[in-house]
Amino acid sequence: MKAAVLHQVKAPLAIEDVPEPSPRPGEVLIELRAAALNRRDYWITQGLYPGIKVPCILGSDGAGTVVEVGSDISTRLIGQEVVINPGLEWGPSEGAQSTRFRILGMPDDGTFAEYVVVPLSNVYPKPPHLSWHEAAALPLAALTAYRAAFTQGELTAADRVLVTGIGGGVATFVLQYSVAVRAEVLVTSSAQEKIEKAIELGARSGYNYTDPQWDEAVLEASGEVNLAVDGAGGKGFEKILKLLAPGGRVVTYGVTAGAKVEIPLNRLFWRQLRIIGSTMGSPRDFERMLDFVTRHLIRPAIDSVFPLDRINDGLERMRRGEHFGKIVIEIPH
Ligand SMILES: NC(=O)c1ccc[n+]([C@@H]2O[C@H](COP(=O)([O-])OP(=O)(O)OC[C@H]3O[C@@H](n4cnc5c(N)ncnc54)[C@H](OP(=O)(O)O)[C@@H]3O)[C@@H](O)[C@H]2O)c1
């Protein structure tokens, strides 16, 4: 089969022929129709991710058809159209993942290939309202956004929500979920055209985070927020703490702009603020995410589609930060 293989970091992925995997008991073989990029794939190609193993097929997001099953699985599943939950071995707790938890696409071979083997427990029926491209754009980012917004952030219609870096894959889902529950949404971005796209998706207003006074502009135009969902960290995180209303909460799921931040604890305790961490999501979060997306007919914001043999162009687009939403990889069929 054709696959995009990581042989060494800081080098393009190699598009090459590799042996097709076969499912062991408890596993299924999926013929992929589409995959999608996450910032994680880019971090790995740059050597900026713990425990990098080569050679390896990257890719966490994928959708396709079950074409073969392990010896203990009913062959009735063959032909089923599915999306893959890329969180492997989450474990028994809803509070946090187990020490065996890992993400599909390094160290386990992932979805930037014509076929992938995954545990049966990680496949779910494809939401019927989604195309293959849209279904493939869903798993990692929509799951991360679901847990961050709802399970950890306790998002409701009563919230005024700040979503930072709205061009990001996870951020666009948080925006769409917040709009779906009728919360008021403010966004930040480095680009005016992305703010405009966010407003088309239902955001009330947007602020450019490259303006050092963007937090003042939020306070002046909109006032404090009850919930912030942030994947950037860095200096912007310190500003978010200034924007939270008493009793407010901020959910952090990423540190694109830096992991080291200064936190004024006096502000935290006096204003009864909560800082909450969130990573990916449990199988229950994944099921609830699929249910929510299906009920609200949410369609992922797709930025662009690259064929598998041009995946390195997709990664370059992500590096340049040009995207709004998900970069999809079309798998030859
Ligand atoms: N914990 C988890 O489970 C989990 C899951 C998924 C992702 N993540 C992490 O979360 C982050 C976002 O992931 P993603 O896949 O959504 O990435 P992505 O699609 O590549 O989005 C990154 C976005 O970050 C925004 N950004 C960059 N610098 C910023 C800054 N200084 N302030 C505010 N926003 C800034 C940009 O927004 P604009 O283009 O609008 O300027 C950019 O589009 C990454 O660090 C990723 O590793 C964590």
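Two residues are in contact here if their C-beta atoms, placed from the backbone, lie within 7 Å. The views below all come from a predicted model.

**View 1. Helix α3 meets helix α9.**
In this predicted model, the axes of helix α3, residues 139–152, and helix α9, residues 283–295, come within 9 Å and cross at roughly 95 degrees. Because angles of 65 to 115 degrees count as roughly perpendicular, α3 is described as roughly perpendicular to α9. On the α3 side, the residues that meet α9 are Ala 142, Leu 143, Tyr 146, Arg 147 and Thr 151, while α9 brings Asp 285, Phe 286, Arg 288, Met 289, Phe 292 and Val 293 to the contact. Sorted by class, the residues of this contact of α3 with α9 comprise 7 nonpolar, 1 polar and 3 charged.

**View 2. Domain 1 and domain 2.**
The domain assignment of the chain gives domain 1, made of residues 2–138 together with 300–330, and domain 2, made of residues 143–277. Taken over C-alpha atoms, the centres of domain 1 and domain 2 are separated by 28 Å. Where the two touch, 8 residues of domain 1 are in contact with 8 residues of domain 2, and the side belonging to domain 1 has 2 nonpolar, 4 polar and 2 charged residues.

**View 3. The shell around the ligand.**
There are 33 residues around the ligand, and of these Gly 165, Gly 167, Gly 168, Ser 189 and Gly 254 come nearest. Each of domain 1 and domain 2 gives at least three residues to the shell. Looking at the secondary structure, at least two residues of the shell are supplied by each of α1 (39–45), α3, α4 (169–180), β12 (184–189) and α7 (234–243). The shell around the ligand has, by class, 13 nonpolar, 17 polar and 3 charged residues.

**View 4. The open sheet with the order β2-β1-β4.**
This open sheet has 3 strands in the order β2-β1-β4, and the pairing is antiparallel. The edges are held by β2 (14–17) and β4 (56–57), each of which has a single partner strand, so one side of each is left without a neighbour in the sheet. Strand β1, residues 2–6, runs antiparallel to β2 and is joined to it by 4 bridges, and within this part of the structure Lys 2 stands opposite Asp 17 in β2.

**View 5. Strand β6 with β5 and β10.**
Strand β5, residues 61–69, and strand β6, residues 81–84, run antiparallel and are joined by 3 bridges, with Thr 65 standing opposite Glu 81 in β6. Strand β6 also pairs with strand β10, residues 123–125, in the antiparallel sense over 3 bridges, and here Ile 84 stands opposite Val 123 in β10.

Another cis peptide bond joins Met 106 and Pro 107, where omega is about 5 degrees, and Pro 107 has its place in the loop between β8 (102–103) and β9 (115–119). The loop between β7 (87–88) and β8 holds Glu 89, a residue other than glycine whose phi has a positive value, near 55 degrees.

Methods: Residues are numbered from 1 along each chain as its sequence is written. This is a predicted model: local features need pLDDT of at least 70, side-chain atom pairs count only at pLDDT 80 or more; totals for chains, interfaces and linings use all residues. Axes are lines fitted to C-alpha atoms, for helices over the stretch in contact, and angles run from 0 to 180 degrees between N-to-C directions. Angles under 35 degrees count as roughly parallel, over 145 as roughly antiparallel, 65 to 115 as roughly perpendicular and the rest as oblique. Ala, Val, Leu, Ile, Met, Phe, Trp, Tyr, Cys and Pro count as nonpolar, Asp, Glu, Lys and Arg as charged, and the others, Gly among them, as polar. Domain bounds come from an automatic or database domain assignment. A residue is near a molecule or strand if its C-beta atom, placed from the backbone, lies within 6 Å of it. Two strands pair if DSSP finds at least two bridges between them.
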